[in-house]
Amino acid sequence: MVRYRRPTTIEEALEILTEPGSVILAGGTTAVPELTSVAAADRTGVLIDLQDLGLDRIRRDERVLRLGATTTLQQMIDAPEVPEFLAGLARREAPRTIRNMATVGGLVASAPATSELLAGLLVCGARLRIGSGDGASEVHIEEVLGSGSGGLITEIVLGCNGAMAHERVARTPADSPIVAAVARRRDDGQVRLALCGVAPTPVLVEPGAVAGLEPPGDFRGSSEYRRRLAVTLSERVLARIEDAGDNK
Ligand SMILES: Cc1cc2nc3c(=O)[nH]c(=O)nc-3n(C[C@H](O)[C@H](O)[C@H](O)COP(=O)(O)OP(=O)(O)OC[C@H]3O[C@@H](n4cnc5c(N)ncnc54)[C@H](O)[C@@H]3O)c2cc1C
């Protein structure tokens with residue numbers, strides 16, 4: 001049997017997290033189907049519901065955006081602090097009914113391969129504040145994507161100045177992308193490029209290395225097709241950020 005706990009402080013949540021079989025529950029869009037599957041019928045442990053931790057705040061100063069981990073994707077879209085570019089990527093993640101529940105912390109922890117918002121967080125140099133039994137730490141998002149945060153993500157901190165561009169190819173406009181490219185040119189000229197659909201999670205790629213990628217193929221696109229898409233979409237986004245204005 002799985003027990004349910006709803007801590008009201010981060011310290012309490014971290015203490016529960018040390019219990020065997022503990023599972024973090026945020027919006028539940030991925031976690032609940034897994035926990036209620038037949039395969040999980042004999043599972044024991046404790047479910048840690050984050051909703052009373054007050055981690056759904058969004059703050060922004062001139063250059064830095066801070067997203068509390070339980071900020072929902074819809075809150076990101078509605079908040080004036082979030083640049084329109086990132087709000088647009090959040091809108092692409094899922095239909096509104098799911099966006100009302102799914103959190104940005106849950107998105108980072110579950111690291112879906114086709115998440116264009118994760119690609120956006122990568123180019124924005126996102127850092128994760130993570131709490132664990134060993135104390136608090138801060139890591140770059142690319143260090144933990146797909147390998148697990150090893151604790152409780154409490155906040156995502158990212159830069160939001162500069163020019164950004166996004167291109168995608170999907171089977172239909174509403175479908176998740178086969179390949180997508182997101183690029184950002186910071187005010188100091190540094191350029192970052194991230195791709196979806198070329199690896200098990202969205203990844204940062206050096207612009208000069210795109211043609212040498214060997215993406216895994218599937219029924220939606222062979223490896224060669226994905227590589228060609230990656231090259232074309234990367235060229236487009238890199239060209240667009242060259243003469244684009246800032247994204248506010
Ligand atoms: C119908 C449907 C359609 C979807 N479509 C898309 C899509 O098109 N593109 C896409 O990218 N995703 C899609 N998703 C996936 C979903 O939107 C994301 O995975 C979601 O953001 C997960 O967030 P959550 O808050 O629901 O996480 P939960 O389901 O609560 O948790 C997901 C995982 O993250 C862990 N976790 C959650 N919060 C934290 C935290 N703060 N610290 C550490 N670990 C944590 C949980 O333990 C669990 O393992 C879809 C999901 C559904 C149900």
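**Figure 1. Elements that line the largest pocket of this predicted model**. At least two lining residues come from each of β2 (22-25), α2 (31-35), α4, α6 (104-110) and β8 (152-159). Helices (H or I, at least four residues) and strands (E, at least two) are DSSP runs, numbered from the N terminus. Helix α6 gives the most, with five residues. Residues are numbered from 1 along each chain as its sequence is written, and side-chain values use heavy atoms, without hydrogens and water. As the model is predicted, local features need pLDDT of at least 70 and side-chain atom pairs pLDDT 80 or more, while totals for chains, interfaces and linings use all residues.

**Figure 2. Centre and lining of the largest pocket**. The volume is about 860 Å³. A pocket is an open set of points on a 1 Å grid over the protein atoms alone, where a 1.4 Å probe fits, with protein on both sides within 12 Å along at least five of seven lines; lining residues have an atom within 4 Å of a point. Volume is the space filled by probe spheres set on the points, which are joined across faces, edges and corners. The lining holds 45 residues, and T30, G106, L107, A109 and S110 lie nearest the centre. By class, 21 are nonpolar, 17 polar and seven charged. Ala, Val, Leu, Ile, Met, Phe, Trp, Tyr, Cys and Pro count as nonpolar, Asp, Glu, Lys and Arg as charged, and the others, Gly among them, as polar.

**Figure 3. The largest pocket between two domains**. Domain 1 (1-53) and domain 2 (163-243) both contribute lining residues, so the pocket lies between them. Their centres, taken over C-alpha atoms, are 35 Å apart. Domain bounds come from an automatic or database domain assignment.

**Figure 4. The second largest pocket**. Strand β8 supplies the largest share, three residues. The lining divides into five nonpolar, five polar and five charged residues.

**Figure 5. Packing of helices α4 and α7**. Helix α4 (residues 84-93) and helix α7 (residues 116-123) pack at about 150°, with axes 7 Å apart. The two are therefore roughly antiparallel, a term for angles over 145 degrees. Axes are lines fitted to C-alpha atoms over the stretch in contact, and angles run from 0 to 180 degrees between N-to-C directions. L86, L89, A90, R92 and E93 of α4 meet E116, L117 and G120 of α7; contact means heavy atoms within 4.5 Å. This contact has four nonpolar, one polar and three charged residues.

Terms used
Angles under 35 degrees count as roughly parallel, over 145 as roughly antiparallel, 65 to 115 as roughly perpendicular and the rest as oblique.
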